[in-house]
Structure formats: C-alpha cells, structure tokens
Amino acid sequence: MKCRINILGFLSLLALIAVLGWQTDNTGLYGFFGFAYYIRYFWVMPDEFFRQNMQKAASCAFMSQMISLVPFMFVCAYIYGAVKAVPMAFALSFAVSVLAFTGALTVLEWRERKGAVND
C-alpha cells in the first residue's frame, strides 16, 4: 500500500517563522502563526476533486495577488514614500494572496461537504 502524503500540510511549517518573532522581538512575524491552520491537511487524502479545488483556490490567489499589487504600490508610495513602497506592497499582496487561497479553499471544501450531505 502506497502512503500518500498531502503536501499542502507542509505549509504549516511556515508557522515556525513566528517563533523567530519571540527571539528577535519582531512582532511582524507573528502573522505566520496563521499557517498552523494547514496542519489539518496532513490527515486529508488528496483525491482528484481535492486537487481540482486546490487548483481553483491557487488560481484565485494568484489573480488576487496580481490585481492587488498595483493599487498597493500606489497607496504605499503615497503613505510610506518611494523607498519603502515596494517591499510593503509586495508584503501586502502576499498576505492578500494567502488569505484568498485559504478562503477559497475553505469555501470549496464547505461546498463539497455540503454536497456530500445531500447525496
């Protein structure tokens, strides 16, 4: 029997970056604790429908990052100046893409579970 591991669970390892926040007193790293949510995917067996949902969620996240980068660049240039605008805009668009991926995947899984109850 082949043991299939769900690689989405490895995103939970990014939560270890938040531990560096305690060591360096950088409170900006505490946001990485949110990646601990992905631990649950180690116990989900990836089938074809799960992979399709993951692809849909990743497409949504990619498009949201590309669309949000330009407005964030203008807003950050206005607020922080030209020097800090680029790293801040990329960080904000990354956060938007992670939230979009997590939200889309959660909604798709909820719809799948709701549809399975009706069968």
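**Places, contacts and open space**

Student: Where does L13 lie?
Tutor: Helices (H or I, at least four residues) and strands (E, at least two) are DSSP runs, numbered from the N terminus. On that numbering, L13 lies in the segment before α1.

Student: Where do the residue numbers and the values come from?
Tutor: This is a predicted model, in which local features need pLDDT of at least 70 and side-chain atom pairs count only at pLDDT 80 or more, while totals for chains, interfaces and linings use all residues. Side-chain values use heavy atoms, with hydrogens and water left out, and residues are numbered from 1 along each chain as its sequence is written.

Student: Is L13 buried or exposed, or does it fall in between?
Tutor: Buried means under 20% relative accessible area, exposed means over 50%, and partly exposed is in between, with a 1.4 Å probe and protein chains only. The relative accessibility of L13 is 48%, so this residue counts as partly exposed.

Student: How many Å separate L13 and F35 in space?
Tutor: Along the sequence, L13 and F35 are 22 residues apart. From C-alpha to C-alpha, their distance in space is 7.4 Å.

Student: Which residues meet in a salt bridge?
Tutor: A salt bridge is a side-chain nitrogen of Lys or Arg within 4 Å of a carboxyl oxygen of Asp or Glu, and the structure holds one. Its N to O distance is 3.2 Å, and the side chains that meet there are those of E109 and R40.

Student: How many residues apart in sequence are the parts that this pair ties together?
Tutor: E109 lies in helix α3 (residues 82-118), whereas R40 lies in the loop between α1 (17-24) and α2 (48-80). E109 is buried at a relative accessible area of 9%, while R40, at 32%, is partly exposed. Because the two partners sit in these separate elements, the pair ties together parts whose separation in sequence is 69 residues.

Student: What is the relative accessible area of D25, the residue with a positive phi?
Tutor: Most residues other than glycine have a negative phi. D25 has a positive value, near 60 degrees, and it lies in the loop between α1 and α2. D25 is exposed, and its relative accessible area is 66%.

Student: How far apart are the C-alpha atoms of M73 and A85?
Tutor: M73 lies in helix α2 and is partly exposed, with a relative accessible area of 26%. Although M73 and A85 are twelve residues apart along the chain, their C-alpha atoms are separated by 6.0 Å.

Student: How far apart are the C-alpha atoms of A36 and L16?
Tutor: A36 has its place in the loop between α1 and α2, and it is partly exposed at a relative accessible area of 32%. L16 is 20 residues from A36 along the chain, and the C-alpha separation of the two is 8.7 Å.
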